[in-house]
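Look at the model first, then read on.

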Amino acid sequence: SVRRGEYAVRLSLGATRARLAPQVLVEALCLSMAGGVLGLAIPVLTTTFVERIVPIGLQAFTGSLDLRLLAFAGALSIATGLLFSVGPAFQSAHASTAEVLQQHARGNAGGRSRAFRDGLVVLQVAATLVLLVAAGLMLRTLANLNAVERGFDADNVLTMVVPLMPKYADPSKRPAFYDSILDGVRALPGVRGAAFGSALPFQSTGFTRGF
């Protein structure tokens, strides 16, 4: 919108509207795709940090980038570029060249559009501040959760899930299996104790072993 004067000069010099509108679209798409790439770079660089501060039991809420997310981000970037460039492209392609040049010469080109743009900038800055504050509060909450006393000592404790094979479908066969596993684990160097349990703190139900 700010470059309407430039577009009017190009039209007066012989440029066609059919070539001017695609230029606006391409420029907007380049900006939107650059923003999409920057937006994807932030989670890539911060995933490791977030995983370190997420408390035990909430690891399922941490995710990773995959092709579906990349495709969604790319489609959203393209849609954003098209959405916010169609209006200026249509306006620049169908505006009166003489009127635009007169407004540009007087220095008051697009008073209403300027106020509208300023309003959009204010809304964007406000939304960004809200998101940043919410993200900061979330990270602070996660850090505080890690500092909460859990009521038990989790240092030097290893846990794992032990799925049973189909041949142990009969419950009478399971005690012998558990005993053999525990005897083997307790014989390992450095192991002070081992036990089976039906569940662990902050974990879903299932047979687990801690030693």
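Ser77 counts as buried, at 9% relative accessibility. Buried means under 20% relative accessible area, exposed over 50%, and partly exposed in between, with a 1.4 Å probe and protein chains only. The model is predicted: local features need pLDDT of at least 70, side-chain atom pairs count only at pLDDT 80 or more, and totals for chains, interfaces and linings use all residues. Residues are numbered from 1 along each chain as its sequence is written, and side-chain values use heavy atoms, without hydrogens and water.

Ser77 lies in helix H3, residues 67–94. Helices are DSSP runs (H or I, at least four residues), as are strands (E, at least two), numbered from the N terminus. The side chain of Ser77 reaches the backbone oxygen of Ala73 at 2.9 Å.

## Ser32 in helix H2

Ser32 is found in helix H2, residues 17–53. Ser32 is buried too; its relative accessible area is 14%. Other buried residues of H2 include Leu20, Val24 and Ala28.

The Ser32 side chain reaches the backbone oxygen of Leu29 at 2.9 Å. One of its polar atoms also lies 3.0 Å from the backbone oxygen of Ser77.

## Where they meet

Which residues does Ser32 contact, leaving aside neighbours within four places in sequence? They are Ser77 and Gly81. Contact means heavy atoms within 4.5 Å.

How values were computed: A polar contact is a pair of N or O atoms within 3.5 Å; within protein, one must be able to donate a hydrogen and the other to accept it, and residues adjacent in sequence count only if both atoms are side-chain atoms.
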